[in-house]
Amino acid sequence: MVASSRVSAVDYYTDVVLPELYERLDTAFPEFGWRRDARGWIATNNEFTHRALGVRAERVVAHAPVPRGFLVHGGDATLWTAYVAGGAVPRGDSFVQAVVEIARRAGVDTAPLERPAPRDRRTDLLHDFFTLCRWELAAEAGAPARVYLEQRGLPPEAVDRCGLGVVPSPRAARDCLRSSGYAEAEIEQSGVLADSRWSGRLCGGWRDERGRIKTLWARSLETETDVRYLYLRGASRTNLPPYGLSWVLKETPRPRDVVLVEGLLDVHQFRARQITNVVALGGTAVRSETFERFARTGFESITISLDRDEAGRAATAHAVERAAGAAASPAVYVVDPDRLAPAKDPDAFVRERAQDWPSVLESRTCGVVWRAREFARDIDSASPVTARRCALASAGAWLGLLPSRLSLEQEDAVRAVAEQCGYSPEAAARSFAARYWAPDRSRRPSHECARSM
C-alpha cells in the first residue's frame, strides 16, 4: 500500500498491518515456531515459549478472528505492540514505533506511518472557533456564563482558566473565521454555524488523545430547558476517548488511576480543585472499546463514579459488564453512588465537600464484586429463601460468563454475594460450578431467575 500522507497509526495498524501480520505470522515472529491449526496459529517452539513466557508451547495461540496478540490458555493475552516494546503496552510515539516494527516484520509498507502528517483544515477550524469561544467567555458577552459557572461552584479565579468558552453570535464567528483564511464552504461544512441555538451557550472542545479538538458541545445556561446539551452536527463521538482524557495524559507524573464520571462539566469542576485524573462519558453509555483504550494508554485502574440515581446505578452495572467483556481492561473499581449522598452526582459532591473526595475514593469496591452484589441489592439473610436463591442464581449466571483474567475478582464476588444472601461461599461456589460454570454446559444463563433479568 502506498499513501501520499501519514495516516492514523491506530487505523493503519488495525486495517492494514494486522491482517497482513496474521497471514505471515510464522515469518514475522519465527521465534515462536508458529504453525497453522484449525482456528489460526499455535506456537511450537517449546524452548522459547517456556523461557520467555513460562508456559508450555501448546498453550500459546493466535486464533481468529485477526488477533491483536497471542493468548496463553488459562492466562492473559499479550498484545503484539507490547511484545515488541518489551512487555509494557506502548503509547504515543512508542506505539507508532511498535507499529512500524510490526509492519516491517510483516512486510507491510511503513511509509504512511513515517511521512509527516498534513494539516487537517477542519481540526484547525474547530481549534480556531473554540479560541473565539474562549475569548467570548472573557469578554462582556460572557458575563452571564461566568455568573453561571460561579453559581455552579467554580471558584471565580478558576473561571478564566477552566478550559471553557461561550459561543459567539453567528455573524461574529463567521467574520473572524473568514478573516483567519477559511473559505465559506469550509465554515459551512464544519457545522459550527449550523444551529442557531448555539449562540450564547457555554461551550467545550472534545479532544482526542493528542489534544486535537474533534467536536464541540454547547450547554444551555438555563436550568429549565428541553435541550440541555447540543453537539456539533455531523461529528460523531463514537471513536473519541472520554472527555478530558487528553488533559490527564499530559499530567506529570501521569496518574495510574483515572476516575470515570457522567457529566462533562464534572471534569471542569474537579480540575478547578486540582483533582486532575477525572474524565467523563458525556452521558451513561459506554462501550467495551472505552476500557480497551484505557488499557492501551497504560492506566492500571479505572474508578467508576456515576450519578446517585437509578439511571446511574444501571449505567454503572452496564459499565462493569462492558469492562469485563473487553479484550483488555485495567482493573475496574466502583464508587457506590450512595457514597455521594446527599449530593446527586460527583460534581455536586466536590462542590460542597471536595476535602472528602479522597475518602470517597478509598471506599471504592472491586467492580465485579459490586456488580454481583447488585443482583442481590435488596436481599439479605432474612429475605425469603426463594428471593435469596433467585438473586444468587442471577449473580452466578453472570459471574460464569467472566473471562479467566477475572478469576480472582470472580472468587471475591462469589464470597460477597453468598454472604449477603445468607449462604456459605463454599456452597455457592459448588452450586455455581455445577449449574453455570461446567465446561460441557452452555455459557448462557439457564436459571429461570437469571433469564428474567
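# Reading a predicted model: a dialogue

Q: Where is Gln410 found?
A: Gln410 is found in helix α20, residues 407-420. Helices (H or I, at least four residues) and strands (E, at least two) are DSSP runs, numbered from the N terminus. This is a predicted model, in which local features need pLDDT of at least 70 and side-chain atom pairs count only at pLDDT 80 or more, while totals for chains, interfaces and linings use all residues. Residues are numbered from 1 along each chain as its sequence is written, and side-chain values use heavy atoms, with hydrogens and water left out.

Q: Is Gln410 buried or exposed?
A: Buried means under 20% relative accessible area, exposed over 50%, and partly exposed in between (1.4 Å probe, protein chains only). Gln410 has a relative accessible area of 16%, so this residue is buried.

Q: With which residues is Gln410 in contact, leaving aside its neighbours within four places in sequence?
A: Contact means heavy atoms within 4.5 Å. On that basis, and with those neighbours left aside, Gln410 is in contact with Val368, Leu399, Gly400, Leu402 and Trp437.

Q: How many helices and strands does the protein have?
A: The protein has 22 helices and 14 strands.

Q: What is the order of the open sheet of 4 strands?
A: Two strands pair if DSSP finds at least two bridges between them. Here the order is β6-β7-β8-β9, and the pairing is antiparallel. At the edges are β6 (165-166) and β9 (229-231), each of which pairs on one side only. Between β6 and β7 (residues 202-207) there are 2 bridges in the antiparallel sense. The bridge partner of Gly165 in β7 is Cys203.

Q: Which strands does helix α7 touch?
A: A direction is read from an axis, a line fitted to C-alpha atoms, for helices over the stretch in contact; angles run from 0 to 180 degrees between N-to-C directions. Helix α7 (residues 121-138) packs on the sheet and touches β6, β7 and β8 (213-219), and its direction makes about 35° with that of β8. Helix α13 (residues 264-271) also packs on the sheet, touching β7, β8 and β9; the direction of α13 makes about 95° with that of β8.

Q: What pairing does the open sheet of 5 strands have?
A: The pairing is mixed, and the strand order is β11-β10-β12-β13-β14. Because β11 (278-280) and β14 (365-366) stand at the edges with a single partner strand each, one side of each is left without a neighbour in the sheet. Strand β13 (residues 331-334) runs antiparallel to β14, and 2 bridges join them. Tyr333 has Cys366 in β14 as its bridge partner.

Q: How many salt bridges does the structure hold?
A: Side chains of opposite charge can pair when their charged atoms come close. A salt bridge is a side-chain nitrogen of Lys or Arg within 4 Å of a carboxyl oxygen of Asp or Glu. The structure holds 27 salt bridges. In one of them, Glu23 pairs with Arg36, and the closest N and O atoms are 3.3 Å apart. Glu23 lies in helix α1 (residues 9-23) and Arg36 in strand β1 (residues 34-37), so this pair ties together parts that are 13 residues apart in sequence. Glu23 is partly exposed at 48% relative accessibility, and Arg36 is partly exposed at 41%.

Q: Where do Arg105 and Glu101 lie?
A: Both lie in helix α5 (residues 93-105), 4 residues apart, which is about one turn of the helix. Arg105 is partly exposed at 30% relative accessibility, and Glu101 is partly exposed at 32%.

Q: Which residues do salt bridges that share partners join into one network?
A: Arg174, Arg178, Glu184 and Glu188 are joined in this way.
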